[in-house]
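Here is a quick tour for anyone opening this structure for the first time. Take a look at the model, then read on.

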Amino acid sequence: RYDDALRLYKTALQHGVENGRLHSRIADLSLRKGDKETAIAEYEKAARFNPSDLESQTNLATAYLETGRVADAERAFNFVVTSDPDSAAGHNGLGLIAIQKHDMATAQTQFERAVQLDPDLVEAQMNLGLIYEMAGDKPRARACFQAFLAKASRTQYASIIPKVKQELATLQ
């Protein structure tokens with residue numbers, strides 16, 4: 001009942017209730033609806049209320065990246081990693097930024113750190129597998145792809161799983 005929740009949160013804003021968590025929830029729901037621009041605006045408001053909400057900061061950085069705002073994404077991911085050096089999602093994001101900059105060595109370092117911090121972060125496993133595959137390191141690529149397939153949600157990654165299986169088959 002995401003639409004109902006969104007209406008409730010907007011009603012709260014209209015009645016003068018305003019805080020970082022409320023803006024973050026509106027942003028999360030906006031993302032679910034595919035409205036990244038509204039999500040970005042709401043995450044930015046949430047960050048002004050509570051800059052230490054690193055989950056929202058990470059979501060903001062990801063939304064920036066997905067909308068082509070690479071410099072903003074990099075700034076936000078750097079903030080997350082500076083605030084919490086053990087943020088696997090932050091390191092994964094910086095790895096994605098490095099790929100955008102065609103800096104594969106940094107991407108590999110960032111993805112390795114993300115996987116080291118959280119082996120269950122399946123996106124980082126997949127990203128690291130792709131980096132290893134490009135570098136010709138088939139055994140490590142295979143291990144990352146297998147880790148991804150073992151832990152990835154079948155519904156969330158329904159469109160990606162067949163592609164990873166196909167990549168894995170080429171590494172045999």
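## A closer look at helix α7

Let's start with α7, the helix of residues 104-117. Helices here are DSSP runs (H or I, at least four residues; strands are E, at least two), numbered from the N terminus.

Which residues of α7 are buried? They are A107, Q110, F111, A114 and V115. These cover an arc of only 135° around the axis, which means they sit on the same side of α7; the arc uses directions from the helix axis to the C-beta atoms. On the other side, A105 and Q116 are exposed. Buried means under 20% relative accessible area and exposed over 50%, with partly exposed in between (1.4 Å probe, protein chains only).

The buried residues of α7 pack against α6 (88-100) and α8 (122-134), with contact meaning heavy atoms within 4.5 Å.

## The whole protein

Zooming out, the protein has 10 helices and zero strands. Its C-alpha atoms fill a box of roughly 60 × 35 × 25 Å along the principal axes. Of its 172 residues, 39% count as buried.

## How to read this

This is a predicted model: local features need pLDDT of at least 70 and side-chain atom pairs pLDDT 80 or more, while totals for chains, interfaces and linings use all residues. Residues are numbered from 1 along each chain as its sequence is written, and side-chain values use heavy atoms, leaving out hydrogens and water.
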